[in-house]
Amino acid sequence: SAWGIIWNRDGSDTHEYVVARTTLSTGAYFGSPFQHVVERRQSFRRRLLDLTERDHEVLHEMAAAGGTDYLAVPLEYGDGSVQGLSLVSDGKDGFADSHVELVERLRQPLAAALEPTAMRRSSASLLRTFLGDGPADAVLAGAIKRGDRRHIEAAILFCDLRGFTGMSERLDE
């Protein structure tokens with residue numbers, strides 16, 4: 001359902017991750033800052049130095065990693081969909097108000113810059129789902145165009161399960 005990049009100021013442990021669609025039906029999403037941002041289309045900010053047990057687990061994780069302030073903002077794409085951007089400060093006083101204002105002002109330009117990447121990733125995922133990795137990569141690279149034909153060696157198995165058609169009609173519901 002989403003992808004992201006985690007990086008630190010010093011560049012250590014920078015990595016990309018993917019959020020499975022199934023995550024959206026778990027506690028990792030419910031009550032999270034991202035649920036707030038995506039569903040309400042509003043920013044979310046929380047100082048991490050005074051968390052309570054009522055705060056979402058992700059905030060506690062960020063605090064345990066040395067974070068002092070958390071900010072998540074909605075990025076609205078041209079098709080109306082909403083993604084989120086989250087930032088964590090490890091400064092003693094967290095984000096200055098001017099930092100938050102700057103991020104808020106940059107929301108739309110960031111969304112415009114990230115949307116093409118998100119759409120390319122979505123297209124690639126769709127092609128991989130229906131074509132498989134190799135053919136999807138070839139289509140994305142422009143090596144296969146509409147109407148192109150390729151000869152491949154393949155084995156095709158036809159089989160029939162005895163009584164399957166009748167069973168399917170009886171169990172239609």
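Buried means under 20% relative accessible area, exposed over 50%, and partly exposed in between, with a 1.4 Å probe and protein chains only. The model is predicted, so local features need pLDDT of at least 70 and side-chain atom pairs count only at pLDDT 80 or more, while totals for chains, interfaces and linings use all residues. Residues are numbered from 1 along each chain as its sequence is written, and side-chain values use heavy atoms, with hydrogens and water left out.

**Exercise 1. Determine which residues of helix α1 are buried, and what covers them.**

Solution. Begin with the element itself: helices (H or I, at least four residues) and strands (E, at least two) are DSSP runs, numbered from the N terminus. Helix α1 spans residues 33-40, and within this helix Pro33, Gln35, His36 and Val37 are buried. Next, look for their cover, which includes β3, α2 (57-64), β4 and β5, where contact means heavy atoms within 4.5 Å.

**Exercise 2. Work out the order of the strands in the open sheet and find the strands at its edges.**

Solution. Two strands pair if DSSP finds at least two bridges between them. Three strands form the open sheet, in the order β3-β4-β5, with antiparallel pairing. Because β3 (44-47) and β5 (82-89) each have a single partner strand, they stand at the edges, and one side of each is left without a neighbour in the sheet. From one strand to the next the twist averages 15°; axes are lines fitted to C-alpha atoms, for helices over the stretch in contact, and angles run from 0 to 180 degrees between N-to-C directions.

Then follow the pairing residue by residue. Four bridges join β3 to β4 (residues 69-76), and eight join β4 to β5. Leucine 71 in β4 is the bridge partner of arginine 45, and leucine 71 also stands opposite leucine 87 in β5. Finally, in the hairpin of β4 and β5, which has five residues between the strands, glycine 80 takes a positive phi near 95°.

**Exercise 3. Identify the residues of the largest nonpolar core and the element that gives its largest share.**

Solution. A nonpolar core is a set of buried Ala, Val, Leu, Ile, Met, Phe, Trp, Tyr and Cys residues joined through side-chain atoms within 4.5 Å. The largest one has 10 residues: Leu71, Val73, Leu75, Tyr77, Leu85, Phe95, Val100, Val103, Ala111 and Ala118. Both β4 and α3 supply at least two residues each, and the largest share, four residues, comes from α3. Apart from this core lies another, of six residues, among them Val37, Phe44, Leu59 and Ala72.

**Exercise 4. Describe how helices α3 and α4 pack, and classify their angle.**

Solution. Helix α4 (residues 133-140) packs with α3 at an angle of about 135°, and the two axes are 7 Å apart. Angles under 35 degrees count as roughly parallel, over 145 as roughly antiparallel, 65 to 115 as roughly perpendicular and the rest as oblique; α3 and α4 are therefore oblique to each other. The contact is made by Ala124, Leu127, Arg128 and Leu131 of α3, together with Asp133, Pro135, Ala136, Asp137, Val139 and Leu140 of α4.

**Exercise 5. Locate aspartate 13 and arginine 41, and state how exposed each is.**

Solution. Aspartate 13 lies in the loop between β1 (2-6) and β2 (15-19), and its phi is near 55°, a positive value in a residue other than glycine. At 56% relative accessibility, aspartate 13 counts as exposed. Arginine 41 has its place in the loop between α1 and β3, with a positive phi near 60°, and its relative accessible area of 40% makes arginine 41 partly exposed.
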